[in-house]
Amino acid sequence: MADTHDPGSTAELVRRAAEQISTLVRDELTLAKVELVEKGKRAGIGGGLFGAAAVLAWFGVGLLLTLFVVLLDLVWPLWLAVLVVLVVVFAAAGIAALLGKKEFQQATPPMPQQAVDGVKADVDAVKTAVQEGRRA
């Protein structure tokens with residue numbers, strides 16, 4: 001009695017498996033590229049925010065010190081006016097730096113984690129299929 005569901009010769013099965021593995025690897029590499037581009041964008045945003053923090057701190061110290069020191073000097077002693085303005089400017093710079101740090105942390109680790117997880121799942125699926133094939 002002939003088997004009505006003949007999967008094909010061993011050579012055919014190996015050829016189809018090789019094609020599927022090749023497709024799977026290409027798909028995983030595409031996913032890795034997409035993930036790395038996204039992480040690169042986040043790192044760029046984080047770097048930009050750190051740069052903004054530095055620029056704000058630099059110009060802020062000059063402009064705010066000048067303006068607020070002059071205004072506060074009308075009411076307080078000069079040394080106290082300078083001290084208060086410095087604290088406020090550096091607090092703003094610290095907030096910008098913390099926001100930049102947060103963006104950098106979201107961009108790390110640089111490894112494409114989704115692609116790595118996908119490859120691990122694929123390897124596990126192939127191992128399971130091979131083991132089940134040996135039992136049959």
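Which residues in H1 are buried? In this predicted model, the list for H1 runs Glu 28, Ala 32, Glu 35, Lys 39, Gly 46, Ala 53, Ala 57, Gly 60, Leu 65 and Val 69. Here's a quick tour of the helices and the salt bridges.

**Helix H1**
- H1 covers residues 10–73, and at 1.5 Å a residue its 64 residues should span 94 Å, which agrees with the 91 Å between its end C-alpha atoms.
- There's a bend of about 35° in H1 at Gly 60, one of the buried residues of this helix.

**How H1 and H2 pack**
- H2 takes in residues 78–106, and it packs on H1 at an angle of about 170°, with the axes 8 Å apart.
- Angles over 145 degrees count as roughly antiparallel, so that's the label for H1 and H2.
- Sort the H1–H2 contact by class and you get 25 nonpolar, 5 polar and 4 charged residues.

**Salt bridges**
- The structure has 3 salt bridges, and Glu 12, Arg 15 and Glu 19 are linked in a network of them.
- Glu 12 pairs with Arg 15 at 2.5 Å, N to O; the two sit 3 residues apart in H1, about one helical turn.
- Arg 15 also pairs with Glu 19 at 2.2 Å, N to O, and these two are 4 residues apart in H1, again about one turn.
- Relative accessible areas are 26% for Glu 12, 38% for Arg 15 and 43% for Glu 19, and each is partly exposed.
- Arg 42 and Glu 103 meet at 3.4 Å, N to O; Arg 42 is in H1 and Glu 103 in H2, so this bridge ties together parts 61 residues apart in sequence.
- In that pair, Arg 42 is partly exposed at 28%, while Glu 103 counts as buried at 16%.

Definitions and conventions. Residues numbered from 1 in each chain as written. Predicted model: local features only at pLDDT ≥ 70, side-chain atom pairs only at ≥ 80, totals over all residues. Heavy atoms only, no water. Axes fitted to C-alpha atoms, helices over the stretch in contact; angles between N-to-C directions. Parallel < 35°, antiparallel > 145°, perpendicular 65-115°, else oblique. Nonpolar A, V, L, I, M, F, W, Y, C, P; charged D, E, K, R; others polar. Expected span 1.5 Å × (residues − 1). Bend = angle between axes of the 7 residues up to and from the residue. Buried < 20%, exposed > 50% of the residue type's maximum accessible area, 1.4 Å probe, protein only. Salt bridge = Lys/Arg side-chain N within 4 Å of Asp/Glu carboxyl O.
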